[in-house]
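Hi,

Here is the structure I promised to pass on. My notes on its charged side chains follow below.

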Amino acid sequence: MTFRMPVLRFLAAVCVSGWLLPAAWGLPSSQAATGAQTEPPAPASFPVSAPPPAPALGDVAAPLPPPPVVDEPAVQAPGPASPPPPLKADLLLVRPVERVLVDQLAGGPTRGAWGISLQGGYPFFSLRALVGVRHGLAPLVEVETALARRFTTSLGLSLAWVRRPHLRLSGEVLLGWLLQESELPRRGPSGELRLRLGIPTRWVMPYLVLGTRHALLPSRTRIERASGIETTWSVQHEWTPTASLGLGIHIHRRVGLDLGADYGWVDAPQSIAIPGFHIGLHVGGGR
Amino acid sequence: MIEYIYSSRRASPRSIRIAGLVAAAASATGCINDDIELYEARVRGRVAAASPTAITGTLHLQFHHQMSAGRGALAHPLGEIDRRQVAAVTLPVDIDETLLYPTQAGQGLIVYGWLDRDGDGILCAPGQVDEPAGAGRAADFPSHSLTVDLALTQPCAGAERLYP
């Protein structure tokens, strides 16, 4: 079932999350309602394209109800003759967490949802944009610099593995290019695997990001001998494990902030690194 | 209409300029992390001491840039490239060493040597015998075959004292 109109989609999500989710999790509707902080109150009726409530699902022989006027579906849900589990297609309409902050920090935006993050601090600045193409799958582009001397530009994919109202877990894979201009130049392709964990709550979202970045640094050595020039190639490997621990702050469904501590251990374990910090702004749309 | 579509898909001068800038930036940044250029030079010569009597020990040789390529005012004389040891020699002795000279890090070639008479690996430690040292410039560098003669006439002298 596909909803084209945003209003219908929103109303369907509200209705289904207000009634079908409690039934799916086996909870009384009042208990489940306390966990849905961001959802507005359920409307008085279902939209025309929404699935009918319990009696229509449970009683096959019953005639189809007239276009829907259901005042309190949550009252009809509990009881000895509880309705069968809702269809999977219906559950996919439930979007309990549709805030840009969650998608940007913990991954997994829904289809059409997009977001841009700008994080700045010491030593890392980053610009990150992603847009959802499927449920939880999103391509992303990221530009990061450390003190304007080390730049990494990456393209990647983000996929949410766990997408629950109070838990978001996603993985990312990125491929890009590293360019470092300083006394120690570094140039070469880089790749990164990242794990993002977020715990969304009503106003804030603690999050953790763990990553492992690898860069291949090709070098050319030319030896000019009396007999001619000999050229050899070699490749160095640079490993940069990264970690960020922070707190996201919801400002609006499409705006959020975050504060975090970073640790990027460039060229580990041969070097040492000091922790950093950042503040970020996240904006988006399509929600 | 077809002509319009065709013309709109042709590269405009502006897009060509942008592509040129992108190509120039890409070539400037390059895909090579480190580009090392080395020049192979064979250094031969004779190392002698000022003492009329024959002295023995381990001969320490150091090869330096005559002027290291520091940035701007940071350029400085000397900059070690490589070092070798020739054990149990009796001066005078002939040397024959092959060197890979990094051409991007400086210019000129200085050869410095000292004789470790007591075998401790340290030039003139307190309470020990004086150890002779000397330096020479490879006048015909760059060349794949060089001749440098060293006269170890200065006791306990480091390379920085002997050159410039």
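A word on terms before the details: buried means under 20% relative accessible area, exposed means over 50%, and partly exposed lies in between (1.4 Å probe, protein chains only). This is a predicted model, so local features need pLDDT of at least 70 and side-chain atom pairs count only at pLDDT 80 or more, while totals for chains, interfaces and linings use all residues. Residues are numbered from 1 along each chain as its sequence is written, chains are lettered from A and ligands numbered from 1 in the order in which they are written, and side-chain values use heavy atoms, with hydrogens and water left out.

In chain A, Arg150(A) pairs with Glu238(A) at 2.6 Å, N to O. Arg150(A) is buried at 7% relative accessibility, and Glu238(A) is buried at 2%.

Arg194(A) and Glu142(A) form another salt bridge, at 2.7 Å, N to O. Here strand S6 (residues 186-198) holds Arg194(A) and strand S3 (residues 137-146) holds Glu142(A), 52 residues apart. Arg194(A) is buried at 8%, as is Glu142(A) at 6%. Both belong to a salt-bridge network that includes Arg128(A), Glu144(A) and Arg213(A).

In chain B, Glu80(B) meets Arg83(B) at 2.6 Å, N to O, and Glu80(B) is partly exposed at 38%.

Best wishes

Technical notes:
A salt bridge is a side-chain nitrogen of Lys or Arg within 4 Å of a carboxyl oxygen of Asp or Glu. Helices (H or I, at least four residues) and strands (E, at least two) are DSSP runs, numbered from the N terminus.
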